[in-house]
Amino acid sequence: MAAQQSTAPARRGRRSWAGWGFMAPFALVFALVFLAPIVYSIQLSLFQDRLIGGTTFVGLDNYQRALQDPQFWEGLGRVALFLAVQVPVMLGIALFVALALDSGRLYGTGFLRVSVFLPYAVPAVVAALMWGFLYGTRFGLVGDLNEALGVTLPDPLSPQLVLAAIGNVVTWEFVGYNMLIFYSALRVIPHSLYEAAEIDGAGQWRIVAAIKLPAIRGALVIATIFSIIGSFQLFNEPSILQSLAPNAITTSYTPNLYTYSLSFTGQQHDYAATVAIVMGLITMVIAYVVQLRGMRKAA
């Protein structure tokens with residue numbers, strides 16, 4: 001009996017070490033590809049390369065410079081405007097399509113679902129190039145329409161419209177992705193709720209407002225958080241369209257594009273790391289606030 005009691009702790013210890021062994025590959029990869037770059041970026045942000053003295057520790061000077069950098073704040077304001085307009089439009093279209101598919105009143109729902117989702121399978125670089133050539137006034141669809149109709153349509157790649165043009169590209173890419181999130185959430189709602197609502201005389205719009213939308217609130221919050229993060233990380237589309245609209249898209253058009261230009265063109269790796277960290281903190285705070293509000297409403 002005593003021997004059995006003495007071996008019990010040893011077995012529990014082996015089981016606990018076995019759990020750590022299973023976690024070790026993930027923990028190692030997580031540390032190498034996530035934690036290590038963050039630590040290295042923080043280290044870079046505390047130094048500065050100078051012509052005299054080489055790499056010098058400057059503490060928080062780079063952060064003070066970033067908070068006073070008008071180019072950074074202009075780019076941040078631009079992506080904030082992009083987020084405020086494009087994200088509600090994109091999520092609204094995705095939600096409408098998901099509700100239409102879930103209603104069961106459409107023919108060919110399988111084909112429609114694949115068609116809406118298909119643009120998400122197109123790489124962002126290819127999508128930006130494709131839409132960039134469609135926007136072209138001398139060689140694209142807009143130019144062909146001008147020539148065929150004898151009119152002068154607004155240039156989508158002009159400084160006034162290029163942000164809306166980028167928003168159109170991003171919406172085209174990600175409506176299907178968000179639609180799939182909403183549609184998956186809708187499919188797990190018990191049909192007995194719909195039947196009970198119909199017995200009580202509720203119409204389709206009442207069912208949507210009282211049953212479907214509250215039931216997928218979690219999916220709405222997740223899609224909103226992903227969209228917020230994606231908006232603040234806006235890079236591929238303006239980077240590709242920059243060669244087609246150099247007068248409209250500057251090197252500091254978005255914070256990510258500004259960081260890339262600082263690092264690979266200006267060789268200011270320390271300051272680029274600082275801007276990236278500041279942008280990451282802003283994104284994290286806003287996403288966390290949205291998550292808290294969504295969870296509070298759900299409760």
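Ile 38 sits in helix H1 (residues 2-45); helices here are DSSP runs of H or I with at least four residues, numbered from the N terminus. The model is a predicted one, in which local features need pLDDT of at least 70 and side-chain atom pairs count only at pLDDT 80 or more, while totals for chains, interfaces and linings use all residues. Residues are numbered from 1 along each chain as its sequence is written, and side-chain values use heavy atoms, with hydrogens and water left out.

Back to Ile 38: with a relative accessibility of 38%, this residue counts as partly exposed. That label covers the range between buried (under 20% relative accessible area) and exposed (over 50%), using a 1.4 Å probe and protein chains only.

What about nonpolar side chains on the inside? In soluble globular proteins, they tend to be buried together. The largest nonpolar core here has 59 residues, and Ile 166, Met 179, Phe 182 and Ile 249 touch the most other members. H3 supplies the largest share of this core, 14 residues. A core of this kind is a set of buried Ala, Val, Leu, Ile, Met, Phe, Trp, Tyr and Cys residues joined through side-chain atoms within 4.5 Å. Leaving aside residues up to four places away in sequence, Ile 249 is in contact (heavy atoms within 4.5 Å) with Val 162, Ile 166, Pro 238, Leu 241, Gln 242 and Leu 257.

Charged side chains get their turn too: the whole structure holds two salt bridges, each a side-chain nitrogen of Lys or Arg within 4 Å of a carboxyl oxygen of Asp or Glu. In one, Arg 187 pairs with Asp 102, their closest N and O atoms lying 3.4 Å apart. This pair connects helix H7 (residues 162-187) to helix H3 (residues 70-102), across 85 residues. Lys 212 also bridges to Asp 102, at 3.0 Å from N to O. Lys 212 lies in helix H9 (residues 204-215) and Asp 102 in helix H3, so this bridge ties together parts 110 residues apart in sequence. Lys 212 is buried at 4% and Asp 102 is buried at 11%, whereas Arg 187 is partly exposed at 46%.

Definitions and conventions. Helix = DSSP H or I, 4+ residues; strand = E, 2+ residues; numbered from the N terminus.
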